[in-house]
Each structure stands twice: as structure tokens, then as C-alpha cells.
Amino acid sequence: MPPETRRLLLALLVLLLYAGFCLAVWAVRRWRRGGFRRPGRADRQPDLLVAYASQTGSAERLALGAARSLQGAGLNVAVAGFEALGPDTLRAARRALFVVSTTGEGDAPDHAIRFVRRTMAAAPDLSALGYGLLALGDRSYAQYCAFGRRLDAWLRERGATPLFERIEADRLDEPELRRWRESLAALAGIAPDEAGEAASEAGSSPGFSPWRLAARTLLNPGSLGRPVFLLSLAPVPGAAPGTMPDWEAGDIAEIRPRNAPAALAATLAALGLPEDADSTAALASRALPEQPGPLRGLAPAALADRLPLLAPREYSVASLPADGRLELIVRQAARPDGTPGLASGWLTAQLRIGETVPLRLRPNRGFHAPEPARPLLLIGNGTGLAGLRAHLRARERLGARRNWLVFGERQRAHDFLLRDELEGWRASGVLERLDLAFSRDQPERVYVQHRLREAAEALRGWVAEGAAILVCGSLEGMAGDVHAALESILGGSVVEEMRADGRYRRDVY
């Protein structure tokens, strides 16, 4: 066979493989969404519209779970993200369910920005619409469920009628999710237990699987701050699908924490139970009662039924499946009395090498990477390096070298997390630019937003070339100050358009 013919056949084979890959991706994405159609199709008007505004994926998964539950009850359901909602879509709906989260300082999720700017500003007549709303939030933040409350008020102002009172779930609190399932069951005309766990387990999300702690490394010995650890986890053979579950840079690991041994022992003593294997296992992952007295006399199994599971904790994944391990960067938090935080204390101090962690992976499409050809500016502080590191590893594998990292911590001598890796990327060209801000190394405090302002001209140039921006780290302080710096340098309208277009994405906590 002539060389030219072989090259042509090889090129055709590559095109066929790529087409097959694209088809497979489309099929998987459609399967993950349960085959639900989008609103606005020419076929039968749906009985119910389910819409979500999601920053880290929780609201989207809950919406898909609700849609699956209602579809199983025989309803014709349409599903849409808020980026697809317009006045006409809402006016055409007769009943709708909204599942929304709040991000930043009480803001709507990034993909809902255009909905807020255009649809909410259009003031449509929604007097024919009946709606239900689940707002997700975290009471530790001042603007708890702010976007959900704002959306609820707007719907009422536009004449829409609540099908049930707004439900607010603090960190996916189980009693509130139970109310959500009961409300869905009432809408579908079925018994509450028929609404199914899909409504709260969020559809295609897998359950928790045991992962083994393979290694734990202190990253900041001698630091003025709390200790930071790199945790390496491996799936337990046979417990998770395949040899290594799949995920993407930007995705999140949810971990079901366990109570500290001292707290567990004190509760068992107050309940009059022995510290044996049955009692410990029954309460290890349950919210311990503040007033144990009324529960005295109950058997461990009965206690487990009465006490809710501890809420999962979320951590940005710092590695890729190709690394052969799942890595997290965790700072040991402290309670007001100085004792370690429940989840971080367990992961960084109490959990022993070889023991297992209940973990599940959650897609976080709001923090997935832009296309490799686009320049990428990554900004973060502290343990926010985790999500940025995964993106840099992915970019390195793809050969995408237009990367600029701005990272901040306390002291270069103690808090330069993963120093060898970052400096190695700078030397090899994976990082075109590395700017560091160590706040305590000089009399005046220097943070990442100061480095951005110092590099304002270069930043404007990168954005003009089409760069995307990823921010990962603390919500209080860093995220707001970085946002203000970006607005000052680029202009508020540019930053808002970048958010709406997916070129400015944040994973902040």
C-alpha cells in the first residue's frame, strides 16, 4: 500500500475515533441527565418544569433527582439550567420547581447571571405559574440562601403562586430534604416514600464508597497557621467501580466524616452504653445529641435510626485519575475551644494510614476547565491550591502552556505549599508565569489581589487574548478582594460578561 494511502486511511481512522468519542460523550451526558427534554420543544407541553441554578453541582444534582422521581410517577418533566430560562419559558410553564444555590456574597451562581440581568429585569407576568422552591445554603455565611430568597420574592412580585412554602436546606440538611421529598410526593399525588431517594440523592450521583488513606504529608511545618496536609487516597478494590473512578479537574470529593473518639465516648457514657464495636459503629457517623438524656435506654440500632447522619464535607480534588490516587489538601480547622474541627480533625489526625474514608465524587461543571487553547489565569490561596493544582496537571498533560498562577500564603519559609512542584512547572514552562504573595514576610500585608494590581497591564493583555480565570480558596477575604481587583483592572461589565460566558469561574468556600 502506498504511503499516501496509508496516511489517508490513518487520518480517516482518527476522524472516526474522534466522532465516536464525541458521540459517547453526548450519550453519557444525556444519560446523566436522565434523558429529560429541555423546555421549548414542539411536542406536548410538560406537566412540570424543573430548573436549577448551581455553582458546585449540588443544586443541579438535586434538580435532576427530583425530575427523575417525578418522571417515575408518570409526569412529563422538562429540565433546564437557569441559563436557558427566559420570560417566554416561564410564562409557558404552568408548574415549576426551582432548586437554587447561593454563591459569593449572596450572589446567584455564575450560569444564572444572564437570568438575573435579563429575565428578572424584564418583569414578566407570571400569574399563571405555580412554583416550589428549594434554596441551598450554609448558615455560617451572612448571606444565607440570599439568591433563593431573592428569587422567591421576585416570583411572588410577578404574580406566581407558591405550591408550598420555600424550603431552605442548610448544608443539605436531611430534615429539610425530607420536607422537599414530601412536597414532591404531594405534587405527584403519591405517598412520600414513593418519591424515592433520587429526589435527595440527586439522580446519577453514586453512593459513598470506602477509600483507603494511603499517605498523609504535612505541607507547612513550622507555620504560624493551622497545619495543612496532603492526603492520598486509593479506592478499596471491589468497593468502587473499576480500578480508578473517573473525575475531571475541578470536581469535588464529598466525605462523610466520623466523630472524634473523645466526643463519641462522652456521648456513649451519657447514654449509658458501653464503648463496644456495635455502639461505636452505630454512632460514629451520626450527629451526636446535645441533650442525650431523652435517648437513654435505646439500643444502638434504634439510636442510629433517630440521629441524622453527619452532613458530608466537600473538598476540591487536587489530582487526576491518571495519577493513580485521589489527593486532597486539607487544613486542620479549630473550634472556638481549640479542639480540631470535626471533619478536618478526623482526616488530619485521628484517621490512621490504611483506614477507610466514605467518599463519593461529584461533578462540578461550574469549575471545569476552558478549552486547552485558551490562556488560563489561576488565582488562589491556602488550600485553594488543590483545585488549581488539578487544572495545572490536566493542562500539562494536554500540552497547554499558557498558564499563569497567582498564589498566596503566610510565609515563604513555611507555607510555600508544594514548592518543588510549582517551581518545577515554572522551570519546565508549564507555568508561563508564577506570582507569589506571602503576607507575613514583610511589615505590610501582601495578598494575591495586590499581585494582580501590580500586574494589571499583563492581566488586561491576557484577557484581551481570550484568557479564562479560575479562582479557588477562601470566600471570606480572598475571593471578594480578588473580585474587586478584577473589576478595578478590567471593568465591572467585562468581569460580569466573563462570568456569564464561563471565562471566570470560582470554587470558593
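This is a predicted model: local features need pLDDT of at least 70, side-chain atom pairs count only at pLDDT 80 or more; totals for chains, interfaces and linings use all residues.
Trainee: In what order do the five strands of the open sheet stand, and which of them are at the edges?

Mentor: The five strands pair in the parallel sense, in the order E15-E14-E13-E16-E17. A strand at an edge has a single partner strand, so one side of it is left without a neighbour in the sheet. From one strand to the next, the twist averages 10 degrees. The strands at the edges are E15 (433-438) and E17 (504-508).

Trainee: Which residue in E16 stands opposite Ile379?

Mentor: Strand E13 covers residues 376-381 and strand E16 covers residues 468-473. The two pair in the parallel sense over five bridges. Opposite Ile379 stands Val471.

Trainee: At about what angle to E13 does helix H12 run?

Mentor: Helix H12 is formed by residues 385-398 and lies across E13, E14 (403-409) and E16. Its angle to E13 is about 155 degrees.

Trainee: Is strand E12 largely enclosed or left open, and how many of its residues are buried?

Mentor: Strand E12 spans residues 356-362, and a residue counts as buried when its relative accessible area is under 20%. E12 is largely enclosed by the rest of the structure, because the buried ones among its seven residues number six.

Trainee: Which residues of E12 are the bridge partners of Ser209 and Ile252?

Mentor: Strand E7 (residues 209-218) pairs with E12 in the antiparallel sense over four bridges. Strand E9 (residues 252-255) also runs antiparallel to E12, joined to it by four bridges. The partner of Ser209 is Leu359, and that of Ile252 is Arg362.

Trainee: How many residues of helix H2 are buried?

Mentor: Helix H2 (residues 58-72) reaches 21 Å from its first C-alpha to its last, close to the 21 Å expected for its 15 residues. Its buried residues include Leu62, Leu64 and Leu70, together with the charged residues Glu60 and Arg61. H2 is largely enclosed by the rest of the structure, because its buried residues number twelve.

Trainee: What is the phi of Gly74, which follows H2?

Mentor: Gly74 comes after helix H2. The phi of Gly74 is positive, near 100 degrees.

Definitions and conventions: Residues are numbered from 1 along each chain as its sequence is written. Side-chain values use heavy atoms; hydrogens and water are left out. Two strands pair if DSSP finds at least two bridges between them. Axes are lines fitted to C-alpha atoms, for helices over the stretch in contact, and angles run from 0 to 180 degrees between N-to-C directions. Contact means heavy atoms within 4.5 Å. Buried means under 20% relative accessible area, exposed over 50%, partly exposed in between (1.4 Å probe, protein chains only). The expected span of a helix is 1.5 Å times one less than its number of residues.
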